Amino acid sequence: MKIVIIHGQAHEGTTCLTARKLAEKTLAKVGAATNDSDHIREFFLPRDFNEPCRGCMTCFNKDLSSCPHYEKLQPIADAMLAADLIILASPVYVYHATGQMMSLLDHFATWWMVHRPRKEMADKQAVVISTAAGGGMKNTCRDMADSLEMWGVRKVYRLGLGVQTADPKAIPVRIKAGIEKKTERLAAKLAAGHGARRKMNGRAKKWFYIVRLLHKMGPSDTPDYTYWEEKGWHGKGRPWHQK
């Protein structure tokens, strides 16, 4: 099992530690070595990617590999495509995901189901994790889950945790116990879902059929239309059936 964790901050605080805990518990449940770097790959933002989207539309007019930031973006893109489980982790910043997390996700707009989704996503599970001393976890998780769901990831879990402190060492004992229980239960679900048959979450599937219909009504000379035609999605082909 391959897991990629993308941390929306540079420090190793509660959100980071929770993401690692979940990854290690999931690997243990599928019988993989938790100390093997081949199983878990981590990226920290902004250290590993710190480029705001320019809005140049190059990815839409051509493809993502033509993005002026693609050389820096490619390692993260390749890791996500190769992973069985994607974990996006961000602490709450002003009731939302960190700016660097959102800046990264901005670069994957063409992966959305309404444009040029990647069929590999139908194989994957994902988790969005957010912690805060106060509130805002729901909004932060939604910020990240929107992209994962619209990429076509078959199952996206959300884990928001109120920890009452910014210092991981100061988390109350009862909250630590709750984190252990929640990550244990979620790890069991992820392990059970590992290797399940290809499918797509309902939100992405709905948009697939909406866009497919719009393509039949609209111009056929756009990059998006051409991409769908090449994949056979205007016919009987579907992203969740293709290997």
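This is a predicted model: local features need pLDDT of at least 70, side-chain atom pairs count only at pLDDT 80 or more; totals for chains, interfaces and linings use all residues.

I began with charged side chains and found K21, K25, K29, E180 and E184 linked in a network of salt bridges. Counting over the model, I got 14 salt bridges.

Next I looked up a few single pairs. D123 and R198 meet through their side chains, with N to O at 2.7 Å. This pair links distant parts of the chain, 75 residues apart: D123 sits in the loop between α4 and β4, and R198 in the loop between α6 (173-193) and α7. Is R198 buried or exposed? I noted R198 as buried, at a relative accessible area of 10%, while D123 is partly exposed at 29%. The cut-off matters here: R198 counts as buried because 10% falls under the 20% limit.

Then I turned to D146 and R203, whose side chains form a salt bridge at 3.0 Å, N to O. D146 belongs to helix α5 and R203 to helix α7, so this pair ties together parts that are 57 residues apart in sequence. Both ends are partly exposed: I read 22% relative accessibility for D146 and 32% for R203.

One further pair went into my notes, E120 with R118, where the closest N and O atoms are 2.9 Å apart. E120 is partly exposed, with a relative accessible area of 22%, and R118 is partly exposed as well, at 30%.

From charges I moved on to nonpolar residues. In soluble globular proteins, nonpolar side chains tend to be buried together. In this model, the largest nonpolar core has 35 residues, and I6, M80, I86, L88, F108, W111 and L148 are the ones with the most contacts inside it. Several elements each supply at least two of its residues, among them β1 (3-7), β3 (85-89), β4 (125-132) and α5 (137-151). Which element gives the largest share? I found that α3 does, with 7 residues.

Leaving out residues up to four places away in sequence, L88 touches I6, M101, L105, V127, V128, I129, M144 and L148. I also noted a second, separate core of 24 residues, including M1, A19, V127 and A187.

**Two helices meeting**

How do α7 and α8 pack? I looked up helix α7 (residues 202-217) and helix α8 (residues 223-231): the angle is about 110° and the axes are 11 Å apart. The two helices are therefore roughly perpendicular to each other. On the α7 side I listed F208, V211, R212 and H215, which meet D224, Y225 and W228 of α8. By class, this contact has 4 nonpolar, 1 polar and 2 charged residues.

Last, I checked the backbone. The peptide bond from L45 to P46 is cis, with omega near 10°, and I placed P46 in the loop between β2 (40-44) and α2.

Y95 is not a glycine, yet its phi is positive, near 70°. I found Y95 in the loop between β3 and α4, where it is partly exposed with a relative accessible area of 49%. Q164, again not a glycine, has a positive phi of about 65°, and Q164 lies in the loop between β5 (155-162) and α6.

Conventions:
Residues are numbered from 1 along each chain as its sequence is written. Side-chain values use heavy atoms; hydrogens and water are left out. A nonpolar core is a set of buried Ala, Val, Leu, Ile, Met, Phe, Trp, Tyr and Cys residues joined through side-chain atoms within 4.5 Å. Buried means under 20% relative accessible area, exposed over 50%, partly exposed in between (1.4 Å probe, protein chains only). Helices (H or I, at least four residues) and strands (E, at least two) are DSSP runs, numbered from the N terminus. Contact means heavy atoms within 4.5 Å. Axes are lines fitted to C-alpha atoms, for helices over the stretch in contact, and angles run from 0 to 180 degrees between N-to-C directions. Angles under 35 degrees count as roughly parallel, over 145 as roughly antiparallel, 65 to 115 as roughly perpendicular and the rest as oblique. Ala, Val, Leu, Ile, Met, Phe, Trp, Tyr, Cys and Pro count as nonpolar, Asp, Glu, Lys and Arg as charged, and the others, Gly among them, as polar. A salt bridge is a side-chain nitrogen of Lys or Arg within 4 Å of a carboxyl oxygen of Asp or Glu.
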